[in-house]
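Reader: Got a model to go through. Can you show me the structure, then walk me through helices, cores and cavities?

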Amino acid sequence: MMYNFNEIEAKWQKYWYENKTFQAEINSTKPKYYVLDMFPYPSGAGLHVGHPLGYIASDIYARYKRHKGFNVLHPQGYDSFGLPAEQYAIQTGQHPAVTTEVNIKTYRRQLDQMGFSFDWSREVRTSSPEYYKWTQWIFIQLFNSWYNKSTDKANPISKLIKIFSLEGNANVQAVCDDSVTVFTDSDWNSFPPKQQQQILLHYRLAYLAETEVNWCPELGTVLANDEIINGISERGGHQVVRKKMTQWSMRISAYAERLLLGLNTIDWTDALKESQRNWIGKSVGALVKFGLKDCDDVIEVFTTRPDTIFGVSFMTLAPEHELVSKITTKNQKASVEAYVLATARRSERERIADVNSISGVFTGAYAEHPFTKKPVPVWVGDYVLAGYGTGAVMAVPCGDQRDYNFAKHFNLPIPNIFEDIDINKQAFTDKVNTIICNSDFLNGLSFKEASEKAINTLEDLGCGLGKINYRLRDAVFSRQRYWGEPFPVYYVDGMPKVIDKEFLPISLPKVEKYLPTENGEPPLGRADVWAWDTLQNRVVKNSLIDHSSIFPLELNTMPGWAGSSWYFNRYMDANNSDEFASQNALNYWQEVDLYIGGSEHATGHLLYARFWQKFLYDLNVVPVDEFAKKLINQGMILGTSAFVGRIEGTNTYISVDQITNETIQWIHADVSFVNSSDELDVVAFKTWREEFNTAIFITGDNHLFKVKREVEKMSKSKYNVVNPDSICSQYGADSLRLYEMFLGPLEQYKPWNTAGISGVHSFLKKLWKLYVGNLGIIVVDSEPSKDQLKTLHKTIKKVTEDIENFSFNTSVSTFMIAVNELAAKKCSSKKILEPLLVLIAPYAPHIAEELWERLGNKDSIATAEFPEFDPSYLVESSKSYPISFNGKMRFTMDLSLDLSREAIEEAVMANKKTQLQLEGRIPKKIIIVPGKIVNIVG
């Protein structure tokens, strides 16, 4: 009977669906285990073979844990708000919800056909009002909270209001904006309500403020740093500029220290944790105030090297710094404005990465040194960022390489404040071996001594103070898009008010177009029904706004990371319409035990999710303050791209084997046009796009056109995508699952080669033949041999270790070895072949289920107990000794390992083969190494 994988896989996928095989329930009789993948954004292109890599790994582990007796939660859903659906809506007029629904159906079909053991009863979609009701609820909690440094946690804003009314803010230990001024209780109580609300915005964890953002005019929205590549939008390749806008922000900076400390409590990869540490960027130093000549303003600078303050020879402001326009002299105005405009076209990441380019412009203004009172020229330079520190640096060129390069480039002074150090060629940045000189009262002191003395003196003079600073900035939380979570916010006299929980969700309204309005408002500005009636507590027509009981709603929507910052908690109780999740469910599942996803989310989703989890923990909503106990970053399956060579400046394409001295432009070709011999289907290529219709092709031998191959990221834009549908159709999902694991270690990058899948497919056919013959099942209830038991338990040991260590690739090799050995030993014993199926089931569940059933089992193999390793079967009882004569091996003998030297010698000498070799001679010496060799000399 043949291995009909298509029929088998369809059968068992239907069985799992109908029998809810993988549906998790709260079950205190079993230990729980929560396995989670980073949920996908459902794009129109569907999945390619690179996407399932992490899903297959997590599925193997989830299935393994079920076999080991755990109550496993392994859910799946969709991060279904996203810019691509909105861009498609702009182009076609089709509502993003319609596009998203179509895409989700494709994703679900593809995920199902790969045999994943997801609990689909808990599916979540971030774009569903039933889901984002609770995203809105979390926003309301953030809006109604402040961070209390005294308790080191978030507290209700009502508590802060009470403190203000009783004692003012002088003694309040809060994380708040630097612009907050001191007021008394009587001041507070006399402030009009609007002013009170404005003050509270400086303390709230979700707040409105004017912020420097990445603005993409073409897309009409603010973009996050990770949505920009080299100053252009990742989506569409449009120009991005920096500009100030009033935006919602999240005060994630309040949690900076806890986010750092929490990294020590979780089992995440060292590389990922280091990325977060660097992103948070804790620095210990001083805040220094430099007065300005002929101006009442002050430039505040954070420095980690207050010991070098006498080495300051100029100051540099970020181009976005609020003082730039204010202090620039008339003569420098044109140059400074041109420089600021040019810098606005570069993203912060681009500016950070560009360490080789040096640019800047003098403002014409001078600051005053806090100690020497000497004038210090103030420059503008794009290597300084507005969002880090104060957006200004005191430049010490002798001790900082970027300051040194800047000074050399613009011929600025470089005073040396380091004893016996040569700075003619580069700055001296070593803090450990530093002795300060040419620095007045700091002369002769070490880094630590000088830093402490400089800070004390600054504090005595009122010119600064010691401070801990973090690179982590508050996260912009507004997007000028339609397809995102609406804010549960309306405006009374320009001040934000949040809508009560019982009236959520505030659902997206209908709009005629998905573009910003003609006057620059976000797409929600086009809605006719987008006002809040505070008497009826519902959304009503804009035309009814009267500013007495009916008020305008927020026009921005939340960013893509809002819904993904808490979805792992919703899976615990996904169908609860009354609360975020029940305490019973939260207390049972606690946190994610294993989280698998890409490392590219290190400073985005993974940081924001940790922030929200800690906030919800402060509110006693969740029982733990870290959402994922262990995290593994899967690598990437790379595509093998095809490139055709075009002779530069022409419409002539040349085969790779015909290129001589021509200058070539390489253009991606769809890999479906190229065969395994790297030969292009020229006709298909010419009809692919209009620009190729009239192209000339220079071919090689036999009129064949060869392409260049290159391994790179698998992507639709590179035309190197391999669709899993075709692989599953041709080879089966079990072959795909095994092959993706076989390619290499989970965390590594590896190239896809469709030709390689035939090897694992052949293995599955060999596995099938071990159980099924021409007339049906050939497995019998016979006793296994010692060799067969050894093969089984050797396999149990290796596969168990591999799964526990996430070394899935070596398990596949182990299966192949085991099947080859058992086939060679003509094994048909059920006592061997039945447990072997359980070992293979997490990797190739369909074939395992089918053979399990054919062996007479009634229940799914998913519920079978995982085989236990018995080391006694690997203990060798005998040894095949090589018997040598004068160092040359002549034959072997199987002898018990329990035999003594004397017994070994007696057995060897009694053997007829020994007598034949000796031909009557008496050996001079018999060398015996028990368990290894026997050598007869003479």
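Author: Helices (H or I, at least four residues) and strands (E, at least two) are DSSP runs, numbered from the N terminus. This is a predicted model: local features need pLDDT of at least 70, side-chain atom pairs count only at pLDDT 80 or more, and totals for chains, interfaces and linings use all residues. Residues are numbered from 1 along each chain as its sequence is written, and side-chain values use heavy atoms, with hydrogens and water left out.

Reader: What follows H22?

Author: Gly744, with a positive phi near 155°.

Reader: And H22 itself, how many of its residues are buried?

Author: 9 of 10, over residues 733-742. Buried means under 20% relative accessible area, exposed over 50%, partly exposed in between (1.4 Å probe, protein chains only). Among the buried ones are Arg737, Leu738 and Tyr739.

Reader: Switching to cores. Which residues touch the most other members of the largest nonpolar one?

Author: Phe139, Met250, Phe477, Phe580, Tyr595 and Trp612, out of 95 residues. A nonpolar core is a set of buried Ala, Val, Leu, Ile, Met, Phe, Trp, Tyr and Cys residues joined through side-chain atoms within 4.5 Å.

Reader: Which helix gives the most to this core?

Author: H5, residues 129-143, with 9 residues. Apart from this core lies another, of 85 residues, including Leu47 and Val812.

Reader: What classes line the largest cavity?

Author: 4 nonpolar, 3 polar and 2 charged residues. Here Ala, Val, Leu, Ile, Met, Phe, Trp, Tyr, Cys and Pro count as nonpolar, Asp, Glu, Lys and Arg as charged, and the others, Gly among them, as polar. The lining includes Asp382, Arg402 and Phe406. On a 1 Å grid over the protein atoms alone, a cavity is a set of points where a 1.4 Å probe fits but cannot get out, and lining residues have an atom within 4 Å of a point.

Conventions: 1 Å grid on protein atoms, 1.4 Å probe; cavity = no way out; pocket = protein on both sides within 12 Å on 5 of 7 lines; lining within 4 Å.
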